[in-house]
Structure formats: structure tokens, C-alpha cells
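Subject: Structure handover

Hello,

Here is the structure we talked about, with the sequence alongside. My notes on what turned up in it follow below.

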Amino acid sequence: MSAPERERSTPVTDRSPWNWLLVVPIVVPLCTFIYNRGEPTLFGFPFFYWSQLAFIVIGVSTTTLVYQLTKRRG
Amino acid sequence: MPQLSDHYVQLSVFVVLFLLVSGMGFVAARWRRPDTLEHLDEWGLGGRNFGSWITWFLLGGDLYTAYTFVAVPALVFGAGAMGFFAVPYTVIVYPMVFLVLVRLWSVSHVHGFVTPADFVRARFGSPTLALSVALAGIVATMPYIALQLVGIESVLKAMGVTGHLPIIVAFTILALYTYNSGLRAPALIAFVKDTLIYLVIIVAVIVIPVKLGGWDVIFGAAEKALSATNPNTGQPRGSILLTANNQLQYVTLAFGSALALFLYPHSITSVLAAKDRNTIKRNMAALPAYSFLLGLIALLGYMALAAGVKPIGADGNTIVPVLFDTHFPAWFTGVAFAAIGIGALVPAAIMSIAAANLFTRNIYKEYLRRDATPQQEAKVSKITSLVVKVGAVACILFLDPQFSIDLQLIGGVIILQTLPSVALGLYTRWFHRGALVAGLVAGLVAGLWMLYTIPNPNTGRAHFGGSAFKLSELGLTDSAVTVYVGFLAVLVNLVVAALLTLALRAAGIPDGEDATRRSDYFADAGDPRVHDLPEITGEAPARSPA
């Protein structure tokens, strides 16, 4: 373990209002009252199953969006 | 019982693929070749220089283990909707850790941390707290390695291979190439493992539903099978939707498991091996591809119900191998079994490396030999990784495999207790080091007590029968609502840590020194303070002789 010696000029925060978007894919999959039902079905899948697989799309789009919006320039 | 004489084709394909990846494991020492492997940054972290693709395969191979692939469908087969918690769990985990892991990466690269306990040691200035975190990590990881053997055993059983010799041979080969190549071995093998798994599952979810008459038939048959009365409880076996009693369990289990996943030392090992912050962020966006795969794998449990699969003996973990064996041609079954077998090798290798690094950095170097050189550290880690694997095999050989399953259940609860010091520690030093140790112990005791009270009517056991704790045990309610033990245990931990922090501060007990600085948590590759490794990896164009 060596102690840091030099300061530098790059940003010193990860803060961004866009980060709050990450709350959506964390909270939605935990709300069982939204998806704990059988109808409507899709391709024979009860709602419970296809909706939770669809949450994966929400998760991927949100993290991708936040990554792109908060990427450090340069 | 399956007969070996009917499975020569499957076994041949399995053995050929297994030997192929073993060869890769040895060759991996020369992949992205370093000047020396005798350094933990090299042997234990693969040069700390993996890009987005390698990290995606490595983390995917690391987090989604062979045991997951057999146990999740087994749970769905046995209980229905409850087993599908694996999907919300692996959806929410990535947005949850998106910002946390980059902080851990930065501070670890500035200070050269190899383990989560290294970070805690520097952050709170407490070797005792670091030791607790390291021990929690080792104890939680050991049974997880043993469970990978359970995954291999399930496919061997389905091929009619009996006895323990094959497992010993497989793990000996694994131990040798991990010793030889370090983290590079699982990183290289992960490409094969993940490709095979994707191939097998995509074929399975297309072919098997066609054979069974479609998804509506599968769900219909599963619903019917699950509504049958379980003679042990007098209740239905399960249901394809959640009930009033298990919804809270579903949510807390998904949430608690998500909190725990990246506290496991093997997850952190793969994260620290990434070359920069963006590699991690991109992976948080790309890893849910495996969650989709896991969702499909979970549904194999319903396919098995619809196909009338009977587990071999009482071992529910064999339903997926049996399902494949009865619905695929022999050679493809061999490929599927190899996918599961190889799927066990990658996480087992990374877990043993992670446990070995914890021992080396936080026990050996801290307490036994303070002036250990990097070469000695690497040597100790390599030998420890062997010991860890021998221990895992011994667990399976000499103890009931059920014991490993119980231990892994406990392991999840144990590793969660490092949340305040590792995960919250990345954001705040508000907690007092003494309070964090006390909180960890309190959470552990509370968790063990709760697990102890849980019976399992199906196996007739009175204790350690699962992770669903009845709230009525606390006298809060008389309903049968259940909650995940780990979730409650970490709440106990946090409350104790918070109250004791206030008490210790009030009593003027001195706090530890913080060796990290605020800007350390944002440093990225290219920063002058981030350790530049090209001189040991031999990767950079401007390469200087070591």
C-alpha cells in the first residue's frame, strides 16, 4: 500500500441528477403487487413471468442511459 | 437410476470438452503474458487489466454458477413462483451497485487493495475489523466452492457415473491450473463456459416447449402439478403465482441476495481485475443478459414438471440433467452436461483465488509476516488456493452434501454482515470501528439464531431448513408471513452499529485513522496515482524492462 503523492485535476465527484434514474429498475421489480397476476398472458407465459423478464429490458436501458449521460468527457 | 452403459456418448463429449478447457487453463498462464506471475496483481487479479469483453465473460462466469443453474430450476420445480426470485434479484443488483463498485475500484487501484478487507483495514484503521471481514469472506466462500462440486455431481449422476473418484480427478486438474495460471485461467475458460451455456439454454427453450406442446401447456401442467397436496405439510406443494404469505419473502430474498452478491470476495476479485471505471459501468449495463438466461433456466423447472421428470433419488438438483437427458440426442446432452460441469470450474477457481487472497493479505501479511514480499504473497496465495480446494472436496467426500447447502445458506447471511463496513464504508466513515465489529457479530448471531429456528417439513429436519423466517416467531404478528433471514440480520447489524457508534463517540473512545482521501474514490485509469502496471504486465507499448 503506497500513499498517494500527487493531486490531479480530474473531477472529484460521481454526482449527477441522472443517477436517480437508477432507482426505477431497483424499485419496480420489488413491487410484487404490480406483477403478481396471471393475466394478460404473452406467448403462453403468465404475466408474472413475462413481465419480470421484461424488467430486464428496463434495467439494461436505464443503466445504459445513465452511463452515457454521465460519461466523463475527454 | 440412469445406467452408465446408456451414456457413453454423453460421457465422451463431456470428457473431451472438459479436457479441452483444462488445456486452456494451463495455457492461460501465457495469455496476455506478464513478465512474472509472482505478484498478487498478476496471479490473483490477472494483471488488473481486463477490458469490457473479458470482464463480461469473467463476471458472468463468476456470478452465475453451475450450482445456480441446477438449484434455481430445482426450486421452481419444487415450489413454483418463489424460485423465480432469481430474476428480480439479478435485475436490481446492477443498478444497485452501479455507482458503488466504481468507487471500490478507484480506491483499490490507488492503494493497491486486492481484497475487500484491505479496503476496510485502510478506511477504518482497524486490523480487527479487517480480520472479521476477511474471516466472513472466507467462511462464506468455502461452502460455495463445495456447492460447485454438487453441480458437477448432479450431471455425473444423470450419466450413471457413481463414486467420488471423478470429482477428485476434476478438482485436482482445476487446482493445478489455478495454481499455475491464477485468475487468467478462469477468465479464459469463461469464454467457453458462457458460450456453451448460452447455446444449450437457447436450444433448450426452443426445442423442449415444442416437444411438450407449447408454453401454455407447460405452465398449465406446472400449475396442476404444484397444486397437488404436499403430504408433509398438508398444503399445496407450491403455486405459479406468489401467495399472501410468501410475497414479502420473495421481495426481501431478492433484495437481500442483491445486497450480498457483490460483497462476496469472488465478485470483488473479478471487479478489481477490470482495467478502468468505464469497463465496470458498461458491464453493469451488459450483465443482465445473463439474468435473462437465468430466467429461462428457472423455467426449466416447469418444463421438468410438465414432462413428468422424476429426480434421481431424493436429489432435486438432478431434474435439469434428467430433463436434458430425456429430451436431447445423446451428443447434445453431452454438450449440455459439459456446460454445467465447466460452469462449475470457473466460479470454483475464482472463489478459491479470492479466499486465498483474503488469507494472504489479511491474515498472513497482517499477523504472521508483516514484511512479506510480493513474491512471497503470491506463493502463499497459490498454496492457499490448493488448500481451499482440498477442503471443498473433503466437505463433499466426508460430510453430507446437505451440510454444504446449509453452510451456503448461512454463508449468504454471513457475507451480508460485511455490508456496513465494506459497502457503506465506501460512502461514509461515520460508523465507529468498534461499533462495526460489534454490529457484524450481532448480525451474525441474530442470523444464525433465526436460521436455527427454521424447520423443513419436507426433509423432516427441525433446524436450518431454509431462509424464510416466520414473523410470528417474533410475536409481531400471528400470520404465516415470512421474511428473508439475511435481510433481518443486516438490520440488526445496522442498528447495533449505529447505536454503539453514538455510545463510543460519547465515551470518547478514539477512532481509527483513515488512510484514504476523498479524491481516491474517483480516480480512473491514467490518473498518476492509479498504479500503473504495464511494467509487470508487459502490455503497454512503452514497455520498460522490469
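Searching the whole structure, which is a predicted model, turns up two cavities of 30 Å³ or more. The largest cavity holds about 70 Å³ of space. Its lining is made up of B:Phe69, B:Ile197, B:Val200, B:Ile201, B:Ile297, B:Leu300, B:Val320, B:Phe324, B:Ala336, B:Ala339 and B:Ile340. Four helices of chain B each give two or more residues to this lining: α9 (184–212), α14 (288–306), α15 (319–327) and α16 (330–368). Sorted by class, the lining of the largest cavity has eleven nonpolar residues, with no polar and no charged ones.

The second largest cavity has a volume of about 30 Å³. Lining the second largest cavity are B:Pro116, B:Val133, B:Gly137, B:Leu263, B:Pro265, B:Leu358, B:Ile415, B:Thr418 and B:Val422. Seven of these residues are nonpolar and two are polar, and no charged residue is present in this lining.

Next, the interface. Chain A puts 42 residues in contact with 53 residues of chain B. The area buried between chain A and chain B comes to about 4100 Å², and carbon and sulfur atoms give 67% of that. On the side of chain A that touches chain B, α1 (23–27), α2 (32–35) and α3 (47–70) of chain A each supply at least two residues. The largest share of that side, twelve residues, is from α3(A). By class, the side of chain A that touches chain B divides into 22 nonpolar, twelve polar and eight charged residues.

How many residue pairs are in polar contact between chain A and chain B? The count is six, with both residues of each pair at pLDDT 80 or more.

Over all chains, the structure holds twelve salt bridges. Side chains of opposite charge can pair when their charged atoms come close. One case to look at is the salt bridge between B:Asp514 and B:Arg123, where the closest N and O atoms are 2.9 Å apart. This pair links distant parts of the chain, the two residues being 391 residues apart. B:Asp514 sits in the loop between α21 (485–506) and α22 (534–537) of chain B, while B:Arg123 belongs to helix α6 (residues 116–124) of chain B.

Regards

How values were computed:
Residues numbered from 1 in each chain as written. Chains lettered and ligands numbered in written order. Heavy atoms only, no water. Contact = heavy atoms within 4.5 Å. Buried area = accessible area lost by both parts, 1.4 Å probe. Polar contact = N/O pair within 3.5 Å; in protein donor to acceptor, adjacent residues only side chain to side chain. Nonpolar A, V, L, I, M, F, W, Y, C, P; charged D, E, K, R; others polar. 1 Å grid on protein atoms, 1.4 Å probe; cavity = no way out; pocket = protein on both sides within 12 Å on 5 of 7 lines; lining within 4 Å. Points joined across faces, edges and corners; volume = space filled by probe spheres on them. Salt bridge = Lys/Arg side-chain N within 4 Å of Asp/Glu carboxyl O.
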